[in-house]
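The structure is shown below.

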Amino acid sequence: SGVYRMKFFQFFVILWVVSTVIARISDPYAILGITREATPQEVKKAYKLLVKEWHPDKNPSPGAESKFIDISEAYKVLSSSGRRHLFDTTGQTEDQPNFRSQSRTSDFNAFRNHDHFQSFFAGFGSNAAPGGAGAGYKFNFKFGETKSIYHEQSVSFEVYESVISGRSRKQPYLILFYSDWCVACSHIEPIWRRLVEELQPINFGIATVHAGREVELVRKVGVKTVPYLIMLLDSHPYHYREPSLSMASSLEFIKGRFSPKLVQRIDDTNIEQFLAGWMDNRVRVVIFGRLDIIRLRYLTVAWQFRERAAIGYVQIGLRSTETVVSRYSVSSKVDTLLIFREDPTTPAASVAMGDLPFATMKDIIEAHQYLMLPRLSSQSVFDSLCPVSSTRTQRHFCAVLFTENSPRDDAARAALRNYAASATHASSAHASQDNSRKGHQVNYAYIFLE
């Protein structure tokens, strides 16, 4: 069996080396738009110009993120004298993971708990049929075929730092660390695919990291083995600690990372208190659902709008919620979302569907994320409510009341709030009769002098 083991090892290593070299040949010079004679300073200059143009947070085009990743990878190759020389002489854009120099061998010590070659030969010996040379051999790698989903979603340390970490303040990310020689990684691939299908529609970012190539990121996050799962919220990585990975345990892990206070349970006893809490400068969103659990999509939308909206959940069909369900004439057959500003009697917006999609909830909350008289609590709120007019036909006006954070100014704020409500209704009525007024908008707000 030792002879067969060695022959199979040599055979698959040769196939792997050939397929890897072919797959990785690309032209970082062409990606950065420079010649092979470019100096390091010219490489850096080209990179900076392209990053400004293609950064996904500044470029809304669909292919911006993919282009940005290519630019980052190209710069990673050409900014390293060793990797640039390797490409110039062999056409390879990176070292082969298992044929690195001795100085980098220590980079893989973090993975000592996962013996890649032992996993590779799983199935030899005890699983072989008696007397049969290869009847019981089992291989988990598909060399030469289309790249796996792990490769398609793989990101570098640079992309993690410059894009994903910042985005995780508005969008939760699920990140899986893997390697090419990881049998367990291949076993959980179907589970990862199902997670991707489940999470992407509810605004989760998805990424994978090749642990063998992104050693700096592995060290930063604290990854000790592969596969390894983390969830990134507000740039903070949360580690999956269970011994095995399943759909149920993964979703439970994800839900557990959100604060239990993110979505408040609402019934007949606390609905008034919830709706009256708008003094925190957030609109009130009440979701009526038929399940006894708060769905992950509700947690996700609550987390995304946590600065602008307080989310409450009412379970339909309970005796303790009969009054609030009847009060707003909510159907028991569909899920319903209501948005309240300062008036608890009448919703500012509503939507009812058999299954509330994340995109629908996001759009309606985004369109009604400010109170009738919001407080200018930050520069971003000011910029959103009082944007600079781009054209004369699309003017935005702001009426801002300067007050102190004191009860003696409550009357002044209440007066402007009432005026804003009446003015909004009046302008809507006039706009329906006079189309020329549709381009003009007046927002009302107040600010604390302190």
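Which residues on the other side of helix 3 are exposed? In this predicted model, they are Q41, K45, L49 and K52. The buried residues of helix 3 are V43, A46, Y47, L50 and V51. Helix 3 itself spans residues 40–54 and reaches 21 Å from its first C-alpha to its last, close to the 21 Å expected.

In soluble globular proteins, nonpolar side chains tend to be buried together. The largest nonpolar core here has 89 residues, of which L174, I175, F177, W192, F258 and L337 touch the most other members. Helix 4 supplies the largest share of this core, seven residues. A second, separate core of 15 residues includes F274, V286, V314 and V324. The contacts of L337 include V285, V286, I287 and A349.

**Disulfides**

The structure holds two disulfides, and their pattern along the chain is 1-2, 3-4.

| Disulfide | S to S distance |
|---|---|
| C182 to C185 | 2.3 Å |
| C386 to C398 | 2.0 Å |

The torsion about the S-S bond of C182 and C185 is about 90°, so this disulfide is right-handed. For C386 and C398 the torsion is about -105°, so that disulfide is left-handed. C386 lies in the loop between helix 17 (379–385) and strand 10 (396–403), whereas C398 is in strand 10. C386 counts as buried at 13% relative accessibility, while C398 is partly exposed at 32%.

Key. Residues are numbered from 1 along each chain as its sequence is written. This is a predicted model: local features need pLDDT of at least 70, side-chain atom pairs count only at pLDDT 80 or more; totals for chains, interfaces and linings use all residues. Side-chain values use heavy atoms; hydrogens and water are left out. Helices (H or I, at least four residues) and strands (E, at least two) are DSSP runs, numbered from the N terminus. The expected span of a helix is 1.5 Å times one less than its number of residues. Buried means under 20% relative accessible area, exposed over 50%, partly exposed in between (1.4 Å probe, protein chains only). A nonpolar core is a set of buried Ala, Val, Leu, Ile, Met, Phe, Trp, Tyr and Cys residues joined through side-chain atoms within 4.5 Å. Contact means heavy atoms within 4.5 Å. A disulfide is a pair of cysteine sulfur atoms within 2.5 Å. Lists of a residue's contacts leave out its neighbours within four places in sequence.
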